[in-house]
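Subject: Structure for you to look at

Dear colleague,

I am passing on the structure we spoke about, and I would be glad if you kept it open beside this message while you read. Below it I have written down what was found.

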Amino acid sequence: MTTDWSSLLNTKRNVSVVSNFAQGNISGRQFYSKFANTENGGTARTLLREHGVTQARSLARKALSRRSLSNI
């Protein structure tokens, strides 16, 4: 299953959360809790479960850089 980054990065708040996660400022648990009980909660949870925290961080950096949303 692929991660729907467009839904995870659809608001400034979400971009901020993903950016903080990608930079290592928040843990995987904190990352998921920011999306818990939202329409993107399943996407965040699946990302962590399928790839683990280390690879999820790498994928988040890649998604942000490809969308020119961060200077990571």
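Asparagine 40 is buried in this predicted model, because its relative accessible area is 6% and buried means under 20%. Its place is in the loop between α3 and α4, and, leaving aside residues up to four places away in sequence, asparagine 40 touches Ser7, Leu8, Asn10, Asn14 and Phe35.

One of those neighbours, Asn14, is also among the buried residues of α2, together with Val15, Val17, Val18, Ser19, Phe21 and Ala22. What covers the buried residues of α2 includes α1, α3 and α4. Just after α2 comes glycine 24, which takes a positive phi of about 90°.

Helix α4 covers residues 41-66 and has 26 residues, and a straight helix would reach 38 Å at 1.5 Å a residue, but the end C-alpha atoms of α4 are only 22 Å apart. After α4 comes serine 68, whose phi is positive, near 55°.

The buried residues of α4 are Gly41, Thr43, Ala44, Leu47, Leu48, Ala56, Arg57, Ala60, Ala63 and Leu64, and they pack against α1 (5-8), α2 (12-23) and α3 (28-35).

Finally, how do α2 and α4 lie against each other, at what angle and with their axes how far apart? The two helices pack at an angle of about 110°, with their axes 8 Å apart, which means that α2 is roughly perpendicular to α4. On the α2 side the contact is made by Val15, Val18, Ser19, Phe21 and Ala22, and on the α4 side by Leu48, Val53, Ala56, Arg57, Ala60, Arg61 and Leu64. The residues of this contact divide into 9 nonpolar, 1 polar and 2 charged.

Key. Residues are numbered from 1 along each chain as its sequence is written. This is a predicted model: local features need pLDDT of at least 70, side-chain atom pairs count only at pLDDT 80 or more; totals for chains, interfaces and linings use all residues. Side-chain values use heavy atoms; hydrogens and water are left out. Helices (H or I, at least four residues) and strands (E, at least two) are DSSP runs, numbered from the N terminus. The expected span of a helix is 1.5 Å times one less than its number of residues. Buried means under 20% relative accessible area, exposed over 50%, partly exposed in between (1.4 Å probe, protein chains only). Contact means heavy atoms within 4.5 Å. Axes are lines fitted to C-alpha atoms, for helices over the stretch in contact, and angles run from 0 to 180 degrees between N-to-C directions. Angles under 35 degrees count as roughly parallel, over 145 as roughly antiparallel, 65 to 115 as roughly perpendicular and the rest as oblique. Ala, Val, Leu, Ile, Met, Phe, Trp, Tyr, Cys and Pro count as nonpolar, Asp, Glu, Lys and Arg as charged, and the others, Gly among them, as polar.
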